[in-house]
Amino acid sequence: MNGLLFLIRRLISTVPVLVMVALITFVILNAAPGDPASLVAGEDASAEQIAAARERLGLDGPIHERFIEWAGEVVQGDLGDSFRGESVVTMIRRALPVTLTLTAGALFVGIAIALPAGIFSAMRSGSRIDRAIVVVTSLGISAPEFFIGLMSVLVIALKFGWLPATGFVSFSESPVNWLKSIILPSLTLGVGVAAELTRHIRAAMGDVLKRDYVLTARAKGLSIKSVIGKHAMKNALLPVVTVLGLQVRRLLGGTVVVESVFAMNGVGTLAVRSVFFRDLPVLLGIALVTAVIVLVVNLLVDLSYGYLDPKVRTS
Amino acid sequence: MNDSNETVTAPMLSVKSLSVAFKSSHGLLTVVNDVSFDVPRNSVMALVGESGSGKSVTALGVAGLVPYVGGVVTGGEVLFDGSDLLKMRASEVNAIRGRDIGFIFQDPMSSLNPAFKVGEQIAEVVRRHRKVTRKQAWARAVEMLDRVGIASAATRANEYPHLFSGGMRQRVMIALALACDPALLIADEPTTALDVTVQARVLEILKDLQSINGMSVLFITHDLGVVADIADDVTVLYAAEVVEQASVRELFASPSHPYSAALLDTMPQVALATGKPVASIPGIVAQAHAWPDGCRFNPRCAHSVDGPCTTDAIELQSVGTGLSRCVRAHELREQLSKSGLQGGKSS
Amino acid sequence: MSDFTEQDRDQDDEIVFTGASFWQRFSRDKAAVWGLSVLTFVVLLAIFGPMLSPKDPYTSTLTDNLQGPSGKYWFGTDDLGRDILSRMIVATRVSLLASVQAVSISLVIGLPLGLLSGYAGGFVDNLIMRINDAVMSFPALILAVVIVGFLGPSVTNAMIAIGIVFAPRIMRVVRGSTLSVREEVYISSARAVGCTDTRIITRHILPNIMSPLVVQVTLMLGIAILAEAALSFLGLGVQPPQPSWGGMLGRAFPYISLTPVAVIAPGVMISATVLAFNLAGDGFRDSLGREKR
């Protein structure tokens, strides 16, 4: 009951942000310097041709009417047409699976590294390994993703030839090659997240391990696995899950560079290419879609509070 | 001691020369030094001292929890039912902790896990140590909650700790500690963090359960009033060492160490009976990195004399039926027995 | 700086650092000192580097292209036969200036909005915060790419984009500090004696939010370097022939197996500079005795 109320309240509070996101998108779309219509019509177009292009691109009419019309179309899943002719939704839909796979892979890598490293670091706080982990995470946070990516290409792909250096193979084509093609990009993108998450887990775990209830769990005769993995973890997860939402946003941004490094045709590559065409509908479509993904992830994160923190659920 | 039929009468817990140290910027600091005491079966031993005396660390040491708070056991034996807990493997101690040794901590607000229902937390210890189904364990949790006097236990078992008051949480802790019918309960200042009225109630519950279950209790407190109420024997700790050990009756009637006598004088009950204001012991507890020479209590002691009290470390000696770490114990006996109240376990 | 430390001395009585000045505390933090040393080196390199650079960074000797490190070219040459070392030195100034530019833009946007939001409260605060939330829902790099797409690729436009994208960070810090300072007694007394809002903000609030702001700006300079490098790597930031660390990395990437040093050198430079900003920023925060969040 309370959980449902919490869900509804949280959903409602997302709406204004969503509207604002749409408004920002729309304002940029319409404030573009230069005339998109003349851009579309071509350099030598006549006045009539430009007017026709304007009509076709829906650039007539007062701005607030156009926003409502545009928003209506967006809600129905129509993001308009690219200056290059194709529908924006089609273009994004084609690129999105690559990006989402990469994001998920990187998140997996990040968590798979950060969880053991962070817990170990917290349990052996002050030890040599702990200090080494702290130093490595500082480096991981500071090094740009594409640099780490290029280094891994250099070593793993080119020097040893273990994995393909570039390209993305879809799962339906060949599961094995699919896996091979996403390992390096996921590692590249995941390193920064791993570093950041390790720090958070280390801090949260370190804090929780000092609590009396952990001692209680030990006094109950529970195994170390149960004390850490169950009693400490459920409490340490709350601050960590909070940053997970931020990490997904950061990962989506990072895909722009990583896709470019590994020549993957994802949303990031699409965005970079669209810049050279000044293809604003595509760019803003991408911005809107990724922002909505981020908002949805944040919503899920907030909902997980309900599971992790009983105070949220019952108060 | 070596006969098998004698172990029945052997103490439930026998701590021999336990020493615990912590790492610090001053080096390895010994906060529990050569502490020995027995807890006989079906009896209550109180461990008394001011904060910083090492009593809580002793309790943790007995349960093998010292490493988890960053300390090291540097010596001694903890014989539980005849076998040394300190020599066992971690898995063996884990099988005993929670089942044969229950533990209640000082602060009920922080000793329950906020992320789990109280019923789950009790059922967990039952499931850990007994071959029962989830359902049976839950039923046991509800039964225990009921036994510690929590109304509508079946509903409240489904609630999280933040919905319980301090006194109620401590009852939950008691239910948790006693869920597997342990032979030994270690209670570290279980009533200190509670309101006075709640204190009395929680103490009563503990006393009842102790006499029903016939378990042994190691009761850590700084409050001699509580000691008089619940304990059979007392071990007084000061500055990491045992300074006096006696039955409650004897300690209250004639303390054989000036520190015990001074502690008795600080009891509000004494002030009430004598009409004098509540006394306090002058000075502060010695710090582990700077123990005084000679008797560790000498800078605060009204009976300290230069020489015997200030040069060499003092050994424990027999005084009456107990032990005292005061060189002047025999000559001061008369004087010290004027302190405090005639006391003893009331029930 | 000195007045913050005076105040902190009073507040931090219980902390070990009692009585120590800001620099005394800072100098005890080895990582922070290392960070500040690296920064000093990088800044000196940016100022005097172009005078020291062994070769002209723009002259290409096509016959010498894609060479590995040698006595002639310490770090080798790029595909057009330009000296990598010289280009890296010149790029130091480009990258540092670009990041200062971006953070300045964030400050110009974030500082007044944060002050307004924190000081005024109510509807204004609410509106500003919603916009803030919305901007922060976009993945930073994607929003930056969109803005560059809108303005056209150039270093200035890229820095405007980064400045806008990261302005909410400044805004949040300023707003948060303003909110806490606003409740202080000296603000009410300033109001009681008839100070105008402008005066209260500039004379009373601004000086008191300086230390969290300094920390945030230091950390953001590192973030801006990273973002500039990413955009330049993608060809959306610093435009050729002007060298930048990220651009050099991107340019050398296709030839990575031939001249790995041309990739490693700018990469290490970026990482070290960003790390230095992070460590110095963390050091400032710890030594100033205030929390970031």
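Trainee: Where does H129(B) lie?
Mentor: In helix α4 of chain B, which covers residues 118–129. Keep in mind that this is a predicted model.

Trainee: Is H129(B) buried or exposed?
Mentor: Buried. Its relative accessible area is 14%, and the cut-off for buried is under 20%.

Trainee: What does the side chain of H129(B) reach?
Mentor: The backbone oxygen of A95(B), at 3.4 Å.

Trainee: And which residues is H129(B) in contact with, leaving aside neighbours within four places in sequence?
Mentor: From chain A, K220(A) and G221(A). From chain B, N94(B), A95(B), R97(B), G98(B), R99(B) and C180(B).

Trainee: OK, on to the interface. How many residues are in contact between chain A and chain B?
Mentor: 20 residues of chain A touch 27 residues of chain B. The two chains bury about 2,200 Å² between them. Carbon and sulfur atoms carry 61% of that area.

Trainee: How many salt bridges between chain A and chain B?
Mentor: Two. One of them pairs E124(B) with K230(A). Their closest N and O atoms are 3.0 Å apart.

Trainee: Which elements give two or more residues to chain A's side?
Mentor: α9 (212–219), α10 (224–261) and α13 (310–314) of chain A. α9(A) gives the most, with six residues.

Trainee: How do the residues on that side divide?
Mentor: Six nonpolar, seven polar and seven charged on the side of chain A that touches chain B.

Key
Residues numbered from 1 in each chain as written. Chains lettered and ligands numbered in written order. Predicted model: local features only at pLDDT ≥ 70, side-chain atom pairs only at ≥ 80, totals over all residues. Heavy atoms only, no water. Helix = DSSP H or I, 4+ residues; strand = E, 2+ residues; numbered from the N terminus. Buried < 20%, exposed > 50% of the residue type's maximum accessible area, 1.4 Å probe, protein only. Polar contact = N/O pair within 3.5 Å; in protein donor to acceptor, adjacent residues only side chain to side chain. Contact = heavy atoms within 4.5 Å. Buried area = accessible area lost by both parts, 1.4 Å probe. Salt bridge = Lys/Arg side-chain N within 4 Å of Asp/Glu carboxyl O. Nonpolar A, V, L, I, M, F, W, Y, C, P; charged D, E, K, R; others polar.
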